[in-house]
Amino acid sequence: MSVLVDEDTRVVVQGITGGEGKFHARQMMEYGTNVVAGAVPGKGGQDVDGVPVYDTVDQAVEEEDADTSVIFVPPAFAGDAIFEALDTDLDLAVAITEGIPTQDMAKVNKRLTETDTRLIGPNCPGLITPGESKLGILPGNIFESGNVGLVSRSGTLTYQVVDSLTQRGIGQTTAIGIGGDPIIGTSFIDALELFENDPETEAIVMCGEIGGEDEEQAAAYIDEHVDTPVAGFIAGRTAPPGKRMGHAGAIVSGSGTGTAESKINALNDAGVPVGDTPEEVADHIEEFL
Amino acid sequence: MKLHEYQAKQVFADAGIPTPESKLASDVDGVLAAAEEIGYPVAIKAQVQVGGRGKAGGIKLAEDEEEAREAADAILGMDLKGYYVDRVLVEQAVDFTDELYVGITMDRGEGKPVAMVSTKGGVNIEEVAEEDPDAIAREHVDPSFGMMPYQARKAVYDAGVDCDLARGVSSVLSTLYDLWEEKDGSDAEINPLMVTSDDEVIAADAVMNIDEDALFRQPELAEMEEEAAGGDELEQKADEYGFDYVRLEGNTGIIGNGAGLVMTTLDLVDYYGGEPANFLDVGGGAKADRIANALDMVFSDDNVESVVFNIFGGITRGDEVAKGINEALEQFDEIPKPVVVRLAGTNWEEGMEILNEDLVTVEQTLEDAVQRAVEYAEEVNE
C-alpha cells in the first residue's frame, strides 16, 4: 500500500526537454515510474527516450491519460506551469522547482482552493513509493519498501533519515518531501491524514525545521487525530535569530514561535518523541514497530 | 533583499506616498549643504541595514549648522552594530502630533498577503504584536484581486484611526499594497507614519524588502542590490559565489547540500560539544568548481579550525564533490585546516574512489564525521 502514488500512476513531465527535466525523467523511468508524456510549449511532436512530448498538459492528459504531473520548469515560468497543471483535472501535481516568487505562490494557493488537484511542493524533492513509483529527484536506491510513512520539509534531510531507517531494515510506505518554502501545497497535516488512513503505515516520521508554525499546527493535529505513532526531527536548533538559513522559510523571528524549541515542545506535548540526531529518530521508530 | 531607507523612500515617493524632503550625503560638507537646502531642523540618519539605529546613535536631530556638523562627525564613519556608516540621509524634521504604523507582508500561515494598521506607531511593532495583538488591525487580501478600496478603509477604521485621518491613511495603505505587489515585496512598512498638526500624514521611515526569488523581473531594484550590499566581508564573498552562507561564532566549518541537512549538521556539531563556525549550503547539483569555492569560503574564516563536509547526493553527485575537494586541496603545499568528508547518496562510491585520502579524513556516517571534526577543532585549543 501507499499514499498518493503507486505503480499505476501515469506521469506527465512538464519541462521534460530541459536539462533537469530530461535527466530526472530518465531516472524516474529507470526506477519504474510510468512516465507517459512530456509537456513543453513549442516542443509538441518530439519525444524524449520514446516518451511523446505535447505542447500542453491538456493534450498529454487527453492523448496519454496522464493523471499526475511532475514540474521541472524554471522559476520564472513555474507559477504558470502549476496553474496549467491545476487547470487540467489531474489528481496530483508535484512542483520540484526551487526559487518561485512567493507572490506567484500566493496566487497558486488561491487557485488550489478552487480545484480538486493536490499540489506537492514547490521546492521539494518529490515523493516515492519504494519499489513502485518515484516522482521527482529523490535517489531511489536508498529507499526500501516497508511500513513507515515519512513527511519532510527538507530534501537532503529526508535522505539522511531514510538512510538511517533502511540501514536497519526498516522500509517505507511512501516518503513525501513537502518543500521548505513559505507557501506550499500539501502540508504536514495533509500528509499525516493520508498516513493515518493508510492501513499499511504503522509508524510515521515527520521532519521539520525552524521557521513558520506548521510543525506546531501539525503537533496539535497529531494530538487530536493521529493514532499511528509519530517520531519527529527538527533541524535548526543552533540557528541564530534573524538569519535566513537557506530555505526562505527557515528564519527565526526571535519572537518565540517558529524556533526549534517551540516546535520540539509542541511535538513532545503531543506525545511525539523528537530525536537529537537522525539515528535517534530511527531508534524511536524501531521501538514503535 | 532589503533596500536602504533612502532607496525605499524614493520608491515610495515615486508612487505618491508623502515623504519628508531629504538628501543623501557622504561627508560633512555634503551634510551641511543638504541641511541648508532643506532648512533646519533636520534629522541625520545613518544608512545601514540594521534595526534600532536611533538607540545605537545612528540618528540625530540638528537644529542648526553646529549641531549638524557634530552629528555628521559622529555618525559618518561610525561602526553601527558591525556596519560601517559611509552615507547618511539628511531629512526635513517633521513636526508631528501622532505616529501610526502601516505595513504589508505575506502571512505564510494563511498563504495570503496581509495589510496591517496600528495607531501604536513609532515603536517596535514586533513588541506591540506580541504584547497587545489587538492593537494591530489586520486585513487579509486575495492576491488574485489585490486590495479592494473597502479593505483599506476597513483596516483603518478597525485600527481606530481618527476620522479626519482615515482618508489619508487608507490612501497610503492602498498605495503601499500596490507597490508591494508591483515590486514583489516581501515586507513593505512605514513606521512611523507621522501625523502633522494639520492632519497630513507623512512617511518618516520606509522599509521595503524584496523577494530575492523575484529579482529577475525587477531589474531596477536588482541594480540597487549592489548598492545595498554591505556588512560581513565573508558574507559578501558568499554573495559573489552565490552560496547560502551565514557566519557564526564557532570554530568548526560546515559545508553541505540542502538547507535542512546543513542545519542538521550544525545541530550535530553543537550536540557533540563543538561550535559551528558557519552555515554553508552549496545547493543542489553542485559541480567541482562550486565545491572548491565553498572550501575557499570556509578557509577564509580565521575562526575555522576544522571543516566537515556532509554531502547526501540526490541531484548532487559524489564524484563531482570529490573532484572539487581534490582540486581545492591540491593547490596547497600544506592543508590549512583538517577536512573531514562524508559522502552518501548518488555516486558516493565513485566519489570515494576519486577522493584523495592523503588530503582529507573520510568517515562513513554523519555522526562519525561530525565527531571527528569537533575533535580536530578541539585539539587546537589544547
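This is a predicted model: local features need pLDDT of at least 70, side-chain atom pairs count only at pLDDT 80 or more; totals for chains, interfaces and linings use all residues.

Residues are numbered from 1 along each chain as its sequence is written, chains are lettered from A and ligands numbered from 1 in the order in which they are written, and side-chain values use heavy atoms, with hydrogens and water left out.

**Salt bridges within the chains**

- Over all chains, the structure holds 36 salt bridges (a side-chain nitrogen of Lys or Arg within 4 Å of a carboxyl oxygen of Asp or Glu).
- In chain A, A:Arg111 and A:Glu114 form one of these salt bridges, with their closest N and O atoms 2.7 Å apart.
- A:Glu114 is partly exposed at a relative accessible area of 46%, and A:Arg111 is partly exposed too, at 23% (buried means under 20% relative accessible area, exposed over 50%, and partly exposed in between, using a 1.4 Å probe and protein chains only).
- In chain B, B:Glu139 and B:Lys154 meet through their side chains in a salt bridge of 3.1 Å, N to O.
- That pair links distant parts of the chain, 15 residues apart: B:Lys154 sits in helix α5 (residues 149-158) and B:Glu139 in strand β9 (residues 136-140). Helices (H or I, at least four residues) and strands (E, at least two) are DSSP runs, numbered from the N terminus.
- B:Glu139 is buried, with a relative accessible area of 8%, whereas B:Lys154 is partly exposed at 38%.
- B:Arg247 forms a salt bridge with B:Asp301, where the closest N and O atoms are 2.9 Å apart.
- Here, too, distant parts of the chain are linked, 54 residues apart: B:Asp301 lies in the loop between α10 (288-299) and β16 (306-313), and B:Arg247 in strand β13 (residues 244-247).
- B:Asp301 counts as buried at 2% relative accessibility, while B:Arg247 is partly exposed at 28%.
- One network, joined by salt bridges that share partners, takes in B:Glu5, B:Lys9, B:Lys45, B:Arg53, B:Glu91 and B:Asp205.

**Where chain B meets chain A**

- On chain B, 45 residues are in contact with 50 residues of chain A (contact means heavy atoms within 4.5 Å).
- About 3,800 Å² is buried between the two chains, and carbon and sulfur atoms give 59% of that area. Buried area is the accessible area (1.4 Å probe) that two parts lose on being put together, summed over both.
- B:Arg108, B:Met263 and B:Phe312 lose the most area in chain B to chain A, together 19% of what that side buries.
- There are 2 salt bridges between chain B and chain A; A:Lys110 and B:Asp142 meet in a salt bridge of 2.7 Å, N to O.
- The elements giving two or more residues to chain B's side are α6 (163-182), β13, α9 (259-271), β16 and α13 (366-381).
- The largest share of that side, 10 residues, comes from α9(B).

**An annotated domain**

- A UniProt annotation from an unreviewed entry, "domain: ATP-grasp", covers residues 9-221 of chain B; such annotations may be inferred rather than shown by experiment.
- Over residues 9-221, chain B is 32% helix and 31% strand, with the end C-alpha atoms 13 Å apart.
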